[in-house]
Structure formats: C-alpha cells, structure tokens
Amino acid sequence: MRGTRDILQYQQGLGQHENYHEYCRLLGRLKTNYQLSELVNVEIYGDWIRLVAEFTMKSLESWQWASGSVYYLLGLWSRLVSSVAYLKSDCPSLLDDYVPQITESYIKSRFDSVQNAGRFSTSKTSSDLTCVEGQLTWLIHIIGGIIRGRQSSSTSEIHEVIDGDLAARVFQLIQVMDSGVHIEARYNERSKQRLDLAILIFFQNFRRVYVGDQAMHSSKQLYLRLGELVGLQDHVVVLNIIVQKIATNLKRYRQSDEVIGETLALFQELAAGYMSGKMLLKLDAVNFILGHHTKDFFPFLDEFGSTRNRTLFYFTLGRLLFMEDSPSKFKAFVAPLQKVFMMLEEMADSGFRSNEVKCAIIGLMRDLRGLTMATNSRRTYGLVFDWLYPTHVSLFVRIIQRWTDTPEVMTPLLKFMAEFVLNKTQRLAFDSSSPNGILLFREVSKVIVAYGTIILSQPVSADPYTYLYKGIWITLTILTRALAGNYVNFGVFELYGDQALSSALEIALKMSLAIPLVDVLAFRKLARAYFGLLEVLCHNHTAVIVNLETEAFAHIVGSLEFGLKSLDVSISSQIYSNLRAQLLSSQPSDQQHRLAECFDKLMADVARTIEPKNRDKFTQNLTVFRHEFRAT
C-alpha cells in the first residue's frame with residue numbers, strides 16, 4: 001500500500017502507457033489478496049484510498065487514453081464495495097465518501113465519449129439523435145446493472161422505491177422511442193440498435209428480479225411506485241409492455257440480426273417458465289403473434305440472413321402453443337406452413353431448383369425444427385407427427401434428390417430430421433398396437449439412403465467439411481437417435497424382408513468409412529457423431545460390425561483406439577455416460593438424485609493419467625461409491 005501510494009503521490013512513471021496499465025492491474029489485484037478489514041487497519045489507509053479514488057476519477061476523465069486500464073480500477077472498487085457487509089472493524093472504510101464521486105465520474109465519462117463520437121457525424125440532426133440515443137443507451141445499461149445487483153443482495157423497501165424511480169424512466173422512454181416522423185429510418189442506425197439492445201438487457205434483468213408470482217408478493221413497494229409514476233400496478237402489465245416491445249422489434253427490424261436474435265432470446269426466456277408462459281397466453285400481443293407469424297407481419301422472416309432466427313422463433317411459439325391442449329389451435333397455427341408444403345409439393349421439377357424454392361425450403365425446415373423442438377410430450381409430438389405423416393414426408397426425399405449439392409438447404413433439412421427422430425422426454429411413446437415407430441424409421445431410412453447415395457458420388461470439394469463432412473455427421477446423428485430411441489422393434493424388418501434397416505446401416509457405414517480417420521478426429525462434431533453411432537451399433541447391432549470385411553472391421557477397431565485416447569471427454573467417456581444414464585433410470589425416482597451425486601463424487605480429484613497415485617485415488621472413490629450406492 002505504501003508503494004502504490006508513493007507512486008501516486010509522485011506520479012512516478014505513470015506518464016508511460018505500459019507502466020500506467022500495469023499499475024492499474026496491480027491495484028485491481030490488491031483486494032483479491034487482502035480483506036477490506038485488513039486494508040482499513042493499515043495506518044496509511046486514509047491517504048491510500050483518497051489517492052486511489054482521485055486516480056480513478058482522473059482515469060475516467062481520460063477515457064480515450066486509459067479505456068483499457070479502467071476495467072481493473074472499477075474491479076477494485078467493485079470488490080471493495082462488496083466487502084462492506086462483512087467489514088468487522090472500528091476503522092471507517094471511507095467508501096461512502098468516494099464511491100458516489102466515482103460513480104458520477106463514470107457516468108459523465110460515458111456521456112463525454114458519446115458526445116465526442118457524435119462530432120464526426122455529417123448531419124447535425126443525425127448527430128443530435130445519435131448523441132441522445134448513445135447517452136440513453138449508457139443510462140439504461142447502468143439502470144439495468146443496478147437492478148441486476150438486487151439478485152445477489154437483500155432488497156429493502158427503500159431500494160425497491162429507488163428501483164421503481166429508475167425503471168419508471170425506462171418504461172416512459174419505451175412508450176415514445178418507437179414513434180415519430182423519422183423513426184423508420186432510425187432502425188438502420190447503429191445507435192438506435194444499441195439503444196434497443198440496452199432495453200432488452202434491462203428487460204432481462206427486471207424480469208429476473210421483479211416479474212413472477214413470488215416476486216410480485218415480495219416487491220410491493222416497487223409496483224406501488226411504478227403505479228404512481230407510470231400506471232404499472234403489477235407484473236402482468238409490465239409483461240405486456242415487454243411483449244409489445246418484442247413484437248415491435250420483430251416487426252420493425254428486418255436486417256439487424258443482433259437485435260432480432262436478442263429479442264427472440266428474451267421472448268424464449270419468458271416462454272420457458274410455466275407460470276410466465278401461462279401469463280403470456282393471456283396477453284393480446286402474444287395471441288396476435290401466434291395468429292400472424294408470417295413475413296407479412298414480421299419481415300425478418302423474409303430475410304435470408306435471419307433464417308437461423310426462425311428456429312428460435314418457432315421454438316418459442318411452439319412452447320406457448322402447446323401449453324394448451326387444443327388441436328384446433330394447432331391446425332390454425334400450422335396453416336401458413338401447410339401452404340408452403342403445398343406450394344413445394346405442386347412445384348414441377350423444372351422449377352424446383354429456383355432461388356424462390358430454395359429460400360422456401362430453408363425457411364420451412366428451420367420452422368419445422370423449431371416447432372418440433374417445442375414438443376416435449378406424447379400429446380404434442382403426436383400433433384406434429386400426424387400432421388406430417390403420411391401427407392408431407394415424401395417431400396423430404398424429393399428435396400434431397402434435387403438439392404444434395406447445396407449445404408445451406410441440406411443442413412436445415414437434416415437437422416430437422418435429427419430433431420424429429422429424437423425421443424427426448426419419451427415423447428415418441430406410441431401405442432403398443434401402433435405401427436408408427438416402424439413407419440417413422442422407414443422414412444428415416446429413405447432420407448439416409450437418398451442423401452448418402454448421392455453425397456458419396458459427389459466429387460471431393462476444396463471445403464470437405466462444409467460440402468461433405470457436416471451433412472454426414474448430421475445424418476449419422478439421425479440414425480443414432482433413431483436406433484437408440486426405443487420406439488422400433490428392429491426384428492420386424494428382418495422378419496418381413498424389409499430392407500429399411502439394412503440399407504440405412506449399409507450407407508451409414510459407407511459414409512463413415514469414406515472419411516479419413518485423421519479428419520474424423522480433427523472435427524469434434526463429426527467425431528462425436530461417428531463414435532456415437534459405433535456405440536449404438538456395438539451395443540444393439542453387433543452382427544453388423546463383426547460381419548464387415550476385414551479392412552473395414554480393422555478400420556473401425558483402430559478408430560476406437562484413437563477415440564479412447566481423445567482429449568474430448570464426451571468421446572472417450574461415451575460408454576461410461578450411457579452406463580450412468582442406464583443405472584440412474586433403473587432406480588426409483590426418489591433415489592435418482594442421491595445416486596447422481598455418488599457418480600459426481602466418483603471422479604472427484606481424479607486426473608486424466610494412469611499414474612499409481614492417481615489410480616489409488618480412483619480406487620478409493622470407487623470403494624466409497626460402492627458403499628454409498630448400496631446405502632441408497
């Protein structure tokens with residue numbers, strides 16, 4: 001402390017930027033190694049904290065020169081403030097004197113940085129708007145940060161009132177920020193986009209602290225204050241404003257992938273909770289989105305650059321849709337997708353390679369994947385399955401036959417199929433008398449065989465991962481999930497001479513063997529799919545492996561050796577992970593949590609070596625595991 005104080009008193013070497021930066025790093029580490037109670041008891045603490053505060057404020061004022069160093073200083077003050085609650089000393093910390101000044105300096109420095117950037121604008125009107133939007137952006141980020149801090153500290157009534165005062169100003173801004181003569185042109189401006197991103201972050205923080213049944217009852221003072229200032233009496237009204245802003249963003253932004261992505265992430269977060277999801281369904285804005293989810297109302301759906309966002313959009317809408325048991329609402333919801341299916345099915349082969357068809361296929365496949373991801377029960381999955389089978393499934397093979405050479409079409413289709421065959425939460429639990437499991441696998445086989453046959457005949461590209469390996473690993477994932485889903489009796493295929501299983505296995509192995517082993521191990525997703533399929537084959541279809549030709553069999557066994565040496569734990573421990581899951585599922589539900597904890601302790605303090613000391617540690621853990629397992 002004396003050393004750092006003396007440097008500040010005499011400004012030794014701080015004119016050199018590298019010295020300055022390392023000095024800030026040193027101050028940032030000081031609180032990490034010493035407690036506040038130790039610091040305040042040092043004789044020179046008063047001088048030291050004053051000089052550090054002055055240095056911090058000067059650094060904030062010189063933000064152009066010290067922007068990369070200020071982070072360490074702010075980290076120091078953050079840790080000092082966090083320690084006040086645990087301070088056990090009669091000596092004053094003096095933080096009450098200096099922290100407000102530093103906070104004020106920080107906010108002023110942010111405003112100055114925005115004004116400085118605005119001077120370079122070519123238009124005075126644009127410059128003024130940009131400057132105001134930039135300043136508001138910083139304020140909203142700061143308000144959101146203050147509210148987020150309530151998650152990690154107890155909230156008193158006075159804090160709720162302060163939060164209410166701050167939040168009210170943000171909600172007032174939201175009511176006017178999307179109106180005005182020039183507003184349409186602002187959506188293409190980066191400053192407006194940053195402002196909307198700040199609003200979304202504020203919403204996320206406010207929701208986590210003050211939205212929800214429990215939060216409503218424990219946050220009366222905040223909602224009383226919001227009611228007085230802006231008429232927001234409870235969290236349902238606040239939720240409605242949030243959803244209205246979500247809808248506005250989705251309507252107004254066409255090409256800002258970042259704003260659309262963050263908006264959809266917030267929407268998904270709101271729909272993820274059971275109670276918040278139920279509340280959303282009561283709002284007119286949500287029901288409007290559920291009834292009008294087309295490009296006519298949400299132009300971002302028509303932008304090729306936003307196709308990735310469509311999956312999350314339909315995943316969220318699907319979650320909300322399936323909260324109610326209403327086949328009629330499902331039928332109305334999928335009507336726009338049904339029109340796309342019909343358009344593609346009626347399209348002649350001569351026009352099936354057009355850019356319009358390409359965009360329609362990509363959009364449809366991403367929409368279907370999102371909707372299928374939202375099915376988490378037998379009832380909801382059944383709605384999607386009965387809609388697609390048998391009416392529309394033949395289209396998938398037709399698309400593959402025409403578009404195999406185009407990864408941007410194949411990837412969404414194959415990823416949809418990988419989701420469609422995934423038996424998560426036992427959603428593919430067909431009746432014992434139902435042939436649907438077998439029928440589904442036959443369609444899966446057609447997709448795998450069609451894609452594998454064509455892709456293996458294509459010439460090798462300069463970019464093998466994009467044009468070959470990526471499609472293959474997704475296809476292997478499809479087959480793995482179908483084989484491990486426990487909804488198909490595979491003996492039926494051999495009994496009745498059906499080639500669906502044997503053809504799918506044959507082409508899958510051909511695709512696997514077509515990739516050099518060094519490339520399999522070089523691409524992590526490809527390696528996981530490859531070894532995942534081998535694990536399922538060795539477990540349930542051993543005959544397929546042992547009946548291979550010698551060269552192919554040797555290749556697979558050799559790849560298993562390399563897989564065991566892999567540094568990717570998800571590959572080298574894949575047998576182990578499945579065994580763990582099987583043991584857990586075999587136990588009564590009330591014992592599964594305790595057994596999971598036993599498994600977690602099994603690898604505690606065990607390194608990835610076979611040294612004697614490490615092996616002894618694992619043996620000890622295994623003995624403890626055995627005793628605790630028996631005790632369950």
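The protein chain contains 35 helices and 0 strands, where helices (H or I, at least four residues) and strands (E, at least two) are DSSP runs numbered from the N terminus. The model is a predicted one, in which local features need pLDDT of at least 70 and side-chain atom pairs count only at pLDDT 80 or more, while totals for chains, interfaces and linings use all residues. Residues are numbered from 1 along each chain as its sequence is written, and side-chain values use heavy atoms, with hydrogens and water left out.

Along its principal axes, the C-alpha trace of the protein chain spans about 90 × 70 × 50 Å. Of the 632 residues in the protein chain, 45% are buried, a term that denotes under 20% relative accessible area, with exposed meaning over 50% and partly exposed in between (1.4 Å probe, protein chains only). Among the contacts in the protein chain with a separation of 6 or more, 72% join residues 24 or more positions apart, contact being defined as heavy atoms within 4.5 Å. The domain assignment, with bounds that come from an automatic or database source, gives domain 1 (1–118), domain 2 (121–289) and domain 3 (589–631). The C-alpha centres of domain 1 and domain 3 are 46 Å apart.

Two residues illustrate local surroundings in the chain. Leucine 51, found in helix H4 (residues 45–61), is buried, with a relative accessible area of 10%, and, leaving aside its neighbours within four places in sequence, leucine 51 is in contact with Arg5, Leu8 and Gln9.

The axes of helix H14 (residues 257–272) and helix H17 (residues 307–321) come within 9 Å and cross at roughly 20°, the axes being lines fitted to C-alpha atoms over the stretch in contact, and angles running from 0 to 180 degrees between N-to-C directions. H14 and H17 are therefore roughly parallel to each other, a description applied to angles under 35 degrees. The contact involves residues including Ile260, Leu264 and Phe267 of H14 and Leu312, Phe313 and Leu320 of H17.

Note on methods. Parallel < 35°, antiparallel > 145°, perpendicular 65-115°, else oblique.
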